[in-house]
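The sequence and structure are shown first.

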Amino acid sequence: MHSPSPLPLVDLPVRRLTRGDLVACADLSEDRGWPRDEHRWGLLLSAGTGYGIAEPDGKGLVAACVVTSYGPRLATVGMLLVAARHARQGIARRLMRHVMEETGSTPLALYATPEGQRLYEELGFAQVGRTERVLGRFRAEDGPAAVTTRPAAADDLQAMVRLDLPVFGTDRTHLIARLPAFSDRLRVAEENGELTGYAALWPSGDAHVVGPLIARDTATAKALVTALAATTDRPLRADIDARHEELLGWLVERGLEPGSRTTVMTYGVADLPGDATRRFAPLTIATG
């Protein structure tokens with residue numbers, strides 16, 4: 001008797017991922033030339049919902065992505081990866097269609113690489129903005145900071161959530177509450193006892209990433225970056241909303257170099273909620 005023909009990869013079932021898939025997800029990142037970032041995958045798989053397609057032999061993943069939900073007003077899609085050996089077979093489209101069915105009427109947002117943008121456009125996503133990645137050794141300016149910052153304390157979390165809500169536009173307490181454990185440094189800016197910004201520093205490969213970066217104004221954002229940079233000897237990386245040209249120019253002056261760009265895209269909503277003037281950088285482009 002003939003054994004049944006194996007299913008084409010594009011027809012393989014999509015399943016939920018768990019923290020038990022963390023190493024397989026990191027393997028997929030490495031396969032595509034990204035840092036393994038097991039630390040970040042741990043956050044994504046605990047704070048969000050992972051979806052994946054397993055290899056027919058059960059060893060590893062053909063593809064994966066993560067959806068981070070912020071209630072009925074928004075969910076973000078990130079880390080959509082297909083193993084290089086299975087590229088260009090319609091698998092990314094299959095996984096995205098599954099995600100869009102699972103999320104139903106909830107508006108979606110994502111940060112598209114140049115390679116992925118066409119697929120998202122074909123699925124109905126529209127461009128609403130872009131980010132610019134900067135990376136390098138940060139050189140501090142001479143002189144005292146114009147804005148007061150300090151390490152975040154446990155009792156700052158509620159104030160951070162209150163500050164974040166109108167800026168991000170929907171409640172992300174479930175992510176902010178994870179920042180003290182996820183980040184190597186967490187810092188707040190304040191004036192007269194009131195929080196005016198906050199930022200985290202977390203490890204990725206041989207770099208430290210600044211994100212999220214939420215600040216009342218550019219001067220506050222600069223002070224937070226400067227304070228965080230002083231705590232590490234690693235290269236600094238950040239994905240800055242391209243509308244914040246002054247901050248981007250300053251970061252380049254301070255030694256960081258422009259890198260890759262991503263296109264911010266939405267589906268089912270005309271733009272990201274919240275206040276873009278105070279939203280300088282996402283936690284990670286996978287979560288928004």
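## Tyr70 and Phe168

Tyr70 and Phe168 are both buried, a term that denotes under 20% relative accessible area, with exposed meaning over 50% and partly exposed in between (1.4 Å probe, protein chains only). The model is predicted: local features need pLDDT of at least 70 and side-chain atom pairs need 80 or more, whereas totals for chains, interfaces and linings use all residues. Residues are numbered from 1 along each chain as its sequence is written, and side-chain values use heavy atoms, without hydrogens and water.

The structure holds five aromatic pairs. Rings of Phe, Tyr and Trp (its six-membered ring) pair if their centres lie within 6.5 Å; planes under 30 degrees apart are stacked, over 60 edge-to-face and the rest tilted. Tyr70 and Phe168 form an edge-to-face pair, 4.8 Å centre to centre with 65° between the planes. Because Tyr70 lies in the loop between β3 (61–69) and β4 (75–82) and Phe168 in helix α5 (residues 157–168), this pair ties together parts 98 residues apart in sequence. Helices (H or I, at least four residues) and strands (E, at least two) are DSSP runs, numbered from the N terminus.

## Phe182 and Trp202

The pair of Phe182 and Trp202 is tilted, because the ring centres are 5.2 Å apart and the planes are at 45°. Phe182 belongs to helix α7 (residues 179–182) and Trp202 to strand β9 (residues 194–204), so the pair ties together parts 20 residues apart in sequence. Phe182 is buried at 5% relative accessibility, and Trp202 is buried at 1%.

## A ring cluster

Ring pairs also link Tyr120, Phe125 and Tyr267 into a cluster.
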